[in-house]
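Hi,

Here is the structure I promised to pass on to you. My notes follow below it.

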Amino acid sequence: MAPRGRKQKREEYRAQLDQQNEEGLTELPRKKFYRQRAHANPFSDHNLKYPVNPEEMDWSTHYPAFLDEGEELHLQSEIPTTPTSDEQLSKPESKVVRPQKMRKQVEVADIGCGFGGLLFSLSPVLPDTLLLGMEIRVQVTDYVTDKIRAMRKQDATGNSYQNISCLRANAMKFLPNFFRKAQLSKMFFCFPDPHFKAKKHKQRIVSATLNSEYAYVLRPGGVVYTITDVKDLHEWMVQHFEAHAAFERVGAEEQEADPCVAIMRSDTEEGKKVERVKGDKYVALFRRVEDPEEPGYQGLGCEGGCEHAVCEEYGCDWMHEHLACAHPAGEGSVGAKGVSETSVTEAPASVEVSASVEE
Ligand SMILES: C[S@@+](CC[C@H](N)C(=O)[O-])C[C@H]1O[C@@H](n2cnc3c(N)ncnc32)[C@H](O)[C@@H]1O
């Protein structure tokens, strides 16, 4: 008989763990049955499931202790059943299940959480906050999920580790599918894959474009935490966040006073590995700043001085610099005091400008 392959052993082990779980036993998963090649290509199609938008995401199976009062946990799929294939579409019973209401929303994301060390340590430090690990490797995600399940069961009070969860996702592609604008207060990037070669730099998880997505899901005042043992990557992350208008670097004193920083250094699996070989750890934090006001918006009205904050004629909700509100009776109508030469002499131009603003 052929020797049992690694895959088969893994499947047998998992089936046994599931069985024990059903019987109420709470053995922690063993990492050796969840090992997977270190790098997953963030550009390949991993057949990932993701919600069409954050409103469609059902968090109830991730954080059942945080279900809204009156809601009962239904063991439906954690990602809504949006039909994806012709076969599913043709099935009359396929329907979109509405997500269940939660008392809280996810506020902290650990991007590329690996085996979840940060999540387990932050859980008691932020007990009233929902934390989510996002991990692209399926086996690694399964390990964290199985460990959370076991740790929850091991806790006699039934309260511990209810606020952490993990899902398989490509954080470089689908963040805005999971999170609303300004939903998050903290994002962690702990020991991200360095992608050393210059031609692989585009695979790095920090870039000008991706930073705009992080700025979108982070609330003003929210913080991005980064740590790496690769100096070049540290400098790359500092350069890209400092160059981005939505971020400013957090000062050294504030950084070191933040309890999450010590945890990030000591409790991530990679942090422990670096510790063992006495390597360097480079830390940098960046605060999401408030967005500047839209150009030309005075908060009161148009540049022409009328009281209309909203352009009534064209419906745009702010006044472009040099553009007078076209309100017919208002002081700001074309030709009024303070209106620029352009808009005074070329009234139709204002129509063009507001049209382009609306686009
Ligand atoms: C070097 S490990 C660090 C793991 C963990 N943060 C730690 O400090 O121990 C980087 C992790 O990021 C994951 N990863 C890489 N690209 C990702 C992506 N686009 N989305 C989600 N996870 C990703 C990898 O699978 C890997 O587990």
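In which loop is the place of Lys-278? Lys-278 sits in the loop between α10 (269-276) and β7 (282-288). Before the rest, a word on the source: this is a predicted model, where local features need pLDDT of at least 70, side-chain atom pairs count only at pLDDT 80 or more, and totals for chains, interfaces and linings use all residues. Numbering runs from 1 along each chain as its sequence is written.

The chain has 12 helices and 7 strands (DSSP runs numbered from the N terminus: H or I of at least four residues for helices, E of at least two for strands). Of its 359 residues, 29% are buried (20 or more other C-beta atoms within 10 Å of the residue's own; exposed means 12 or fewer, partly exposed in between, with C-beta atoms placed from the backbone).

Back to Lys-278: its phi is positive, about 55°, although it is not a glycine. Lys-278 counts as exposed because it has 6 C-beta neighbours inside 10 Å. Ala-182 also has a positive phi, near 60°, and lies in the loop between α5 (175-178) and β4 (184-190). With 16 other C-beta atoms within 10 Å, Ala-182 is partly exposed.

Now the ligand: 24 residues surround it, and the closest are Gly-112, Gly-114, Cys-190, Thr-268 and Glu-270 (a residue is near if its C-beta atom, placed from the backbone, lies within 6 Å). The elements giving two or more residues to this shell are β2 (130-135) and α10, and α10 gives the most, with 3 residues.

Best wishes
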